Amino acid sequence: MIAQRARFDLVVRDGMVAVGDATVRIDLGIRDGCVRAIAERLEDATQIVDAQGRLVLPGGVDAHCHLDQPNYGAACADDFRSGTLSAACGGTTTIVPFAMAHASDPLAETVAAYRLKAEGQALIDYAIHPTIQAASAQMLERDLPDLIRGGYASLKIFTTYDDFRLGDPEILAILKVAAVHGALVMVHAENDAIIAMLKQDLLGRGLVAPRFHAKARPPIAESEAIHRIASFAELTGAEVLIVHVSSRVGLEEVTRARARGVSIHAETCPQYLLLTEADLDRDGLEGAKFMCSPPLRTVDDQEALWAGMAQGSVAIYSSDHSPYRLAGPDGKLRHGPQSRFDQIANGLPGLELRQPLLFSEGYLKGRISLAQFIALSSTNAAERHGIAPQKGSIAIGGDGDLVIWDQERETTVTRDLLHDNTDHTPYEGMRVRGWPVTTIARGEVIVDDGRVLGVAGRGRFVPSKARTAS
Ligand code: DUC
Ligand code: ZN
Ligand code: ZN
């Protein structure tokens with residue numbers, strides 16, 4: 001006799017599922033990785049997960065993190081295996097890291113090689129952003145359109161860093177191509193000349209401690225670059241996303257441009273909401289743990305970013321997980337205890353704590369609503385980066401990527417709690433309320449109450465779709 005297959009592979013029973021700002025007690029039925037039914041009572045399942053009394057939200061989408069990147073000094077501490085494990089343990093079910101290479105490397109090869117690094121390693125699904133560091137005629141006419149059509153419709157460019165930065169003519173040319181072919185262009189927006197001048201002044205005066213990192217990259221460096229990119233977006237009609245917006249004045253440039261109809265969005269990250277430049281001044285080289293670019297700012301900047309999250313001018317909340325160990329020959333302090341600020345790698349870990357921090361500090365403290373928590377940490381990123389509706393929401397036909405939250409759980413953050421491969425967390429000692437206790441990815445329970453059940457390599461590539469036919 002052939003056994004009948006159950007109607008659902010998994011039913012998540014009796015959870016409080018978010019519908020707008022309300023929650024509804026309902027069952028979710030998943031078959032073949034996708035949500036197939038949402039109803040008061042679903043039976044006939046191979047597996048039932050009891051979510052009674054708990055919130056059931058879409059899995060987090062972290063569309064800005066750095067894994068297994070080339071070493072430009074300190075080594076990236078996480079590969080796809082450790083990075084996706086850490087993400088899954090923190091309630092994230094999709095990530096979008098960057099395929100980075102040298103300017104002269106062929107784009108398609110860079111992206112293909114990076115995709116290979118994920119295969120067999122990733123625990124959760126992933127899309128990929130190519131970073132664009134050159135703008136030759138062949139690249140603009142052929143390589144870039146091919147890439148966009150091929151499932152890489154979300155690109156990143158830089159206005160600073162000697163190895164990556166593009167000049168205005170190249171940026172304009174790339175935006176024109178992106179507008180025609182329907183790609184999103186993510187921009188690291190800081191004025192390179194301002195930073196170079198200030199850095200030289202500070203180092204010349206012997207002002208080398210980590211806190212001078214923030215002085216070398218003031219908010220005006222960010223706001224100038226955002227203003228320029230907004231103008232270019234207005235001119236070309238391209239859709240742009242300013243990544244890691246850190247300052248009030250930076251966000252104001254985005255808000256002003258949006259008000260006149262420019263297709264520009266802002267992303268921010270937990271570090272800009274919860275840490276300040278005072279952290280750079282901690283004892284000894286403790287400040288190195290807090291060095292990222294753009295740098296941490298002030299309480300006033302934090303308030304502007306929280307207001308932007310609540311009012312909609314910040315669209316996306318990502319980790320910008322840039323993992324470096326402190327110790328060791330490849331770590332942040334590889335130049336020794338006297339390291340100058342310009343010798344310390346910029347980047348903070350955050351993949352695992354991104355969701356818990358926003359849930360606790362944003363939603364449970366009343367700074368944002370539950371609907372805003374979901375939009376900022378999942379749906380908006382999926383939509384803007386071309387992976388919705390498969391990712392980023394709970395909907396019939398979408399992937400069964402769900403996170404069950406225990407709203408009552410209180411956790412003190414310690415390094416031991418986390419699964420990334422760094423040796424510290426900038427959030428050590430912070431009290432967090434609410435925790436993503438169960439992570440379900442395409443209908444499979446991959447993390448449950450601290451136990452990792454999913455297997456490395458189960459994660460799949462998700463193509464990022466262009467907005468318009470080209
Ligand atoms: N920009 C990023 O997006 N991540 C890390 C450092 C940086 O400058
Ligand atoms: Zn950046
Ligand atoms: Zn980044």
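Student: Which radius of gyration does the protein chain have, beside that of a compact globule with 470 residues?
Tutor: In this predicted model, the comparison starts from the chain's 470 residues, because a compact globule with that number would have a radius of gyration near 23 Å. The C-alpha trace spans about 80 × 50 × 40 Å along its principal axes, and buried residues make up 59% of the chain. The value found for the protein chain agrees with the globule figure, and it is 22 Å.

Student: What share of the contacts with a separation of 6 or more comes from residues 24 or more positions apart?
Tutor: The protein chain holds twelve helices and 18 strands. Among the contacts in the chain with a separation of 6 or more, those between residues 24 or more positions apart account for 77%.

Student: Which residues coordinate the zinc ion (ligand 3)?
Tutor: The donor residues of the zinc ion (ligand 3) are spaced H-x1-H-x253-D in sequence, and their donor atoms are placed at 1.9 to 2.1 Å. Histidine 66, in the loop between strand S6 (60–65) and helix H1 (80–89), and aspartate 320, in the loop between strand S14 (316–317) and helix H11 (354–363), are 254 residues apart, a pair that links distant parts of the chain. The coordinating residues, with their donor atoms, are His64 (NE2), His66 (NE2) and Asp320 (OD).

Student: Why does valine 17 count as buried?
Tutor: Valine 17 lies in strand S1 (residues 8–19). Leaving aside neighbours within four places in sequence, valine 17 is in contact with residues including Val24, Val56 and Ile394. Buried means under 20% relative accessible area, and valine 17 falls in that class because its relative accessibility is 5%.

Student: Which element gives the most to the lining of the second largest cavity?
Tutor: The second largest cavity has a volume of about 30 Å³, and its lining comprises six nonpolar, five polar and no charged residues. Strand S5 (55–58), helix H12 (370–384) and strand S15 (402–412) each supply at least two of the lining residues. With four residues, the element that gives the most is H12.

Student: How many charged residues are in the lining of the largest cavity?
Tutor: The largest cavity holds about 50 Å³ of space, and its lining includes Pro349, Glu352, Asp420 and Tyr427. By class, the lining divides into six nonpolar residues, three polar residues and, as the charged ones, two.

Student: Where is the proline of the cis peptide bond with omega near 0°?
Tutor: Most peptide bonds are trans. The bond from serine 293 to proline 294 is cis, with omega near -5°, whereas the cis bond with omega near 0° runs from alanine 388 to proline 389. Proline 389 has its place in the loop between H12 and S15.

Student: What is the phi of aspartate 449?
Tutor: Most residues other than glycine have a negative phi. Aspartate 449 lies in the loop between strand S17 (444–448) and strand S18 (451–452), and it counts as partly exposed because its relative accessibility is 47%. Its phi is positive although the residue is not glycine, with a value near 45°.

Terms used: Residues numbered from 1 in each chain as written. Chains lettered and ligands numbered in written order. Predicted model: local features only at pLDDT ≥ 70, side-chain atom pairs only at ≥ 80, totals over all residues. Heavy atoms only, no water. 1 Å grid on protein atoms, 1.4 Å probe; cavity = no way out; pocket = protein on both sides within 12 Å on 5 of 7 lines; lining within 4 Å. Points joined across faces, edges and corners; volume = space filled by probe spheres on them. Nonpolar A, V, L, I, M, F, W, Y, C, P; charged D, E, K, R; others polar. Donors = N, O, S within 2.8 Å, 3.2 Å for Na, K, Ca; no water. Rg over C-alpha atoms; globule rule 2.2 N^0.38 Å. Buried < 20%, exposed > 50% of the residue type's maximum accessible area, 1.4 Å probe, protein only. Contact = heavy atoms within 4.5 Å.
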